[in-house]
Amino acid sequence: MQYVSTRGQAPELDFEGAMLAGLARDGGLYVPDHIPTLDQDAIAAMAGRPYEEIALRIMQPFTGLAEDRLKPLIDAAYAGFGHDARAPLVQLGPNHHLLELFHGPTLAFKDFAMQLIGQLFQDAMRRRGERITIVGATSGDTGSAAMEAFRGLDNVECFILYPHGRVSDVQRRQMTTPSEANVHALAVDGDFDDCQAAVKAMFNDHAFRDRVGLTAVNSINWARVLAQVVYFFSSALSLGAPARPVRFTVPTGNFGDIFAGYIARQMGLPIERLVIATNRNDILHRTLATGEHRKDGVSPTISPSMDIQVSSNFERALFMAYGRDGAAVSQLMDELRDAGGFPVSQGALEALREIYGSGRCSEDETAATIRAMHARTGEVLCPHTAVGVKVAEEHLGDSRTPMITLATAHPAKFPDAVEAATGGRPALPDRMADLFDRDERLTRIDNDVAAIEALIEDRLK
Ligand SMILES: *Cc1c(COP(=O)(O)O)cnc(C)c1O
């Protein structure tokens, strides 16, 4: 299978090429040139099978990798999860289910993609006999997921920049306690924007970039989206798909997770609706409601992983809604950059509304939902998940189609917000209860690109 850019001007690449490139050279995002479909019998045949087996069936056609090469990578990716089902379902109400995506090593759904990407990168580099250096900036979650995914792998060195003193204790310890020599936590004296700017500057320093083999694993990487398609299938199968259709509500920021649901739907999974749940940073909800896609500043919330101004993967949804017209998407993205927004064409808006619903949840409503769900069901939700649950409840209606809300993080990752809502402090799962006893290893560094580059080159010697 080949991959094309959403802006239509970059060369087509195969799966490995698109994965290693991340962003396309025309600034676009890679999407498959066609979406393979599974018939009802093929979908039904996966019911009741282990997560890894479903993952192999779903992902193999997109990767072009032989089954016997892909299977061990999938097995290794999910072996460290703390639940046999990998992505178990629990019931919240008569027709409402929660898909727990927080049983991975860093307790958030990003582990599903990162753990697999680590294995895929290592495999590609081994075969090519090359080494790469992953550099990323994090405000918390993505960096810890990357450290966990790459620690101990061959041919991959991983450096994560985070703002010193500005990530939570759990997030910091998840980055500073892995003992493997190939992962490096760099505490930058600055804020998250400084870290991001430093990473950008390193990518623009072409001599440095080539010397160290610099690569990114940010949320627009196609391989990350692909890994997330699997749990839409596994959960729907558990509730009777393909005979019985389902709906999903997805707490959304950069649109990577919910776009994976779209791919599942295009493959033939009977998904009646994909509901976008936003916090008060509601650019996507406004787009669906008004047809105008317009930036509006970021305001910090208790669901910080959804605090976005630009939702990068939404470009993929636009590409599909505009009938794969790369020139049209390219023009919209220019307008977004130059004028802060654009109107979605009537045809594209109708195409989006046919698939996606949307809703927003305020800060007060987020806290109230955590409190109410705890009282009604005993379930403790993280604030991101609570945004999803609130919006899902508004969409339940009289329909008998099951609603599945994605639980994107474990409540213990956001203990302050949860304690403020319920009065109880959520505990870490047993398997990481010793997180606060482990030794930390980090390097404090000035917010100075030359110093950071020198440190990276020194560590690579
Ligand atoms: C990243 C993240 C999200 C948003 O997911 P997108 O794919 O960016 O839409 C939601 N919740 C949590 C906990 C996250 O870490």
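Around the ligand stand 15 residues, of which Lys110, Gly253, Asn254, Asp257 and Thr408 come nearest; a residue counts as near if one of its heavy atoms lies within 4 Å of the molecule. The structure is a predicted model, in which local features need pLDDT of at least 70, side-chain atom pairs count only at pLDDT 80 or more, and totals for chains, interfaces and linings use all residues. Residues are numbered from 1 along each chain as its sequence is written, and side-chain values use heavy atoms, with hydrogens and water left out.

By class, the ligand shell holds five nonpolar, seven polar and three charged residues. Here Ala, Val, Leu, Ile, Met, Phe, Trp, Tyr, Cys and Pro count as nonpolar, Asp, Glu, Lys and Arg as charged, and the others, Gly among them, as polar. A polar side-chain atom of lysine 110 lies 2.5 Å from a ligand oxygen, while a backbone N or O atom of glycine 253 is 2.8 Å from an oxygen atom of the ligand. For glycine 256, a polar backbone atom lies 3.2 Å from a ligand oxygen. Taken alone, the ligand exposes 380 Å², and the protein buries 96% of that; these areas come from the Shrake-Rupley method with a 1.4 Å probe.

Two backbone features deserve a look. Most residues other than glycine have a negative phi, and most peptide bonds are trans. Phenylalanine 255 has a positive phi, near 70°, and sits in the loop between strand S10 and helix H11 (256-267). The peptide bond from alanine 241 to proline 242 is cis, with omega near 5°; proline 242 belongs to the loop between helix H10 (222-238) and strand S10 (246-251). Helices (H or I, at least four residues) and strands (E, at least two) are DSSP runs, numbered from the N terminus.

Turning to the sheet, three strands form an open arrangement in the order S2-S1-S3, with antiparallel pairing. Strands S2 (13-14) and S3 (30-32) stand at the edges with a single partner strand each, so one side of each lacks a neighbour in the sheet. Strands pair if DSSP finds at least two bridges between them; S1 (residues 2-5) and S3 have three. Tyrosine 3 has proline 32 of S3 as its bridge partner.

Conventions
Polar contact = N/O pair within 3.5 Å; in protein donor to acceptor, adjacent residues only side chain to side chain.
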